[in-house]
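Please open the structure in your viewer and follow the stops below in order.

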Amino acid sequence: MQRDLVLRARNGDHDAFGALAADAFDRLHRTARLILRSDDRAADAVQESLMAAWLHIRAVRDPDRFDAWLYRLLVHACYREARRVKQREVAELHMNAPDALGDGDAQDLTAMRDQLQRGFRRLTPEQRAVLVVHHYLGLPDAEAAVILGIAVGTFKSRLHRASAALRAAVEADERTSAVVRESIA
Amino acid sequence: MTGHDAFDRTLAGWLEAEALSPAPAAGLERVLHATRRRRPRPAWLAGPGSHWVGETPTASSSAGARSLPRSRLQLSAALILLIILALVGGTILVGARLLQPSPLPTGRLGHLAYVRDGGVYLADWDGGNPVWIGGSTSTGDGCDDAFLEGALWSPNGRYLAYRSNLGSGCTPRVFIHDAQGTAIASWAAGVGWNVAWAPDSTRVATWSAVGGIDIRGVDGVLQQQVNLPEGFCLCGDRDPFWAHDGTAILIQMARYDALPSQYWRLPVAGGSPRRLTDSDPAAPCCLAFTASGGRSAFQSDGSLLVTPADDLSVATLAIRAEFGRRMIWSPTGDRLAVTAIRDQVVDRDGNLVSATYHLQLLDTASGQLTTLKTGSEAINPLAFSPEGDRVLFSQDDATGTSSLWSVTTDGSDPRLLVAGADWGDWQWQPASS
């Protein structure tokens with residue numbers, strides 16, 4: 001079905017492109033929001049990537065790879081958006097479903113979520129993109145590397161460093177919290 | 001938090017939870033509205049594409065790095081072909097009618113109608129004394145902008161037509177004005193770009209709001225509906241246009257299961273559709289007829305082809321080079337205004353980094369190309385003057401802002417007519433008026 005839509009869209013059928021865009025829109029927006037940490041900027045990046053997708057739709061030579069191609073456009077739009085807007089960071093907190101975080105009591109989960117939130121925000125957009133493509137989209141290394149426009153080896157090392165940076169940030173946050181708790185006690 | 005696996009599981013769960021909130025509903029609508037009013041880039045501008053997905057990045061990188069030399073190679077090949085074609089141009093012509101120019105249409109240069117910031121203006125032929133007649137009066141949210149890609153003026157110069165969403169909540173409408181700029185008709189239409197004027201200037205054809213093609217008089221009254229054959233798709237924004245004798249609508253369409261699209265002729269009075277192009281596997285584009293209707297030009301698979309209007313499979317002139325989509329025939333039907341696009345450099349994402357654009361006149365008898373204007377930003381030929389001595393064209397500047405220019409057919413006297421205008425068309429006033 002998607003293949004047919006891509007073929008039709010590639011031939012200039014805007015309705016077919018509209019169906020593809022509608023199908024991908026939520027996924028793209030969620031991915032962009034994770035990378036950019038902002039709803040508004042994510043919306044801009046998604047809009048830019050879908051505009052680019054329509055303008056360049058005739059470059060899609062393998063319709064079965066449309067999703068990967070679209071994600072690549074999105075990631076690059078996110079990078080551009082991140083570089084373009086040096087705006088003041090505004091924390092956008094979302095209420096999460098507690099069971100989405102795994103086992104543990106609600107207080108620990110909330111604390112962990114906050115730590116990840118803060119730690120994730122300290123990463124660069126490129127580091128966030130690596131973690132999102134790997135942990136959220138769950139793509140194989142080779143495909144993730146292509147989407148990010150880097151070699152597989154680079155992807156692996158960048159993933160390792162991003163994970164390490166996030167762990168370090170979370171652990172530093174834990175230590176700070178412990179000091180605060182001790183001082184209060 | 002201990003252990004890599006536990007950390008990764010926690011991170012994946014957190015990312016999943018973070019992504020839960022829904023995307024803004026209006027966002028998709030906004031994107032589709034914006035894309036509906038732009039066409040995809042043609043294949044030659046679309047870039048390296050998706051073949052890299054799944055390949056090793058090293059391979060894709062080197063493919064990207066090869067873009068420039070490959071384009072130069074193609075350019076060299078095209079130049080060699082052009083030289084050969086120029087040398088043997090006289091011998092590749094077939095059909096005695098091509099050697100006999102059509103009678104010179106009578107008329108004189110009337111007003112310039114143009115679109116600027118979504119508004120439609122009437123001015124002197126050189127852009128002087130502009131008067132707003134319709135469309136948006138400001139650069140608002142884009143919903144009330146006038147927009148088009150085809151001719152504004154009817155062939156007899158008595159009416160002009162354009163598309164606008166003015167006052168209709170982003171619903172496309174077609175507006176007809178008389179030559180003085182007074183609106184005389186308006187109706188809701190389907191998506192599309194052009195308003196196709198019939199050769200006799202009494203009717204226009206557009207996509208209907210419910211599918212198919214509406215034919216309406218200049219008073220806006222629906223005269224006829226032409227439906228596409230069962231199993232064929234509309235192919236997006238490929239607009240209908242008229243056969244030169246006014247008896248049929250020409251449209252680019254394809255079966256859902258048999259791409260690419262081809263040109264078809266749909267008789268207005270009913271009857272079987274006829275395919276105009278042969279079994280060429282590449283989708284043709286940009287079909288343009290001479291004023292007399294005797295000849296046509298179109299592009300297919302990287303070549304510009306000139307053919308008799310009634311048989312697109314017999315090419316009387318073929319030039320293999322990259323040209324812009326819009327091609328304008330001279331009033332006498334012996335020259336084509338085209339834009340040659342050279343020195344293209346694309347990045348590995350397929351984005352065009354740079355190119356040079358050459359507004360050229362193609363002498364279809366000799367195959368000789370004469371350059372009228374060159375620039376590093378896009379150039380689009382729009383119209384010939386009735387006398388055939390000037391060409392109206394648009395040219396972008398480095399910021400992407402388009403302006404209207406004219407130049408004589410020997411390349412002299414380039415004039416900036418309207419800065420910041422997106423599109424324009426010259427009126428042919430009948431000689432008797």
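**Chain B as a whole**

Begin by selecting chain B, which exposes about 18000 Å², with carbon and sulfur atoms supplying 54% of that area; accessible areas come from the Shrake-Rupley method with a 1.4 Å probe, and for residues only the protein chains shown count as cover. This is a predicted model, in which local features need pLDDT of at least 70 and side-chain atom pairs count only at pLDDT 80 or more, while totals for chains, interfaces and linings use all residues. Residues are numbered from 1 along each chain as its sequence is written, chains are lettered from A and ligands numbered from 1 in the order in which they are written, and side-chain values use heavy atoms, leaving out hydrogens and water.

Of the 433 residues in chain B, 53% count as buried, meaning under 20% relative accessible area (1.4 Å probe, protein chains only).

**The nonpolar cores**

Next, select Leu50(A), Leu148(A) and Leu166(A), the residues with the most contacts inside the largest nonpolar core, which has 65 residues. Such a core is a set of buried Ala, Val, Leu, Ile, Met, Phe, Trp, Tyr and Cys residues joined through side-chain atoms within 4.5 Å.

A second, separate core has 28 residues, including Ala205(B), Trp207(B), Ala243(B) and Phe298(B).

**The disulfide**

Finally, select Cys285(B) and Cys286(B), which form a disulfide (cysteine sulfur atoms within 2.5 Å) with their sulfur atoms 2.1 Å apart. The link between Cys285(B) and Cys286(B) is left-handed, with -50° about the S-S bond. Both Cys285(B) and Cys286(B) are buried. Over all chains, the count comes to one disulfide.

How values were computed. Buried means under 20% relative accessible area, exposed over 50%, partly exposed in between (1.4 Å probe, protein chains only).
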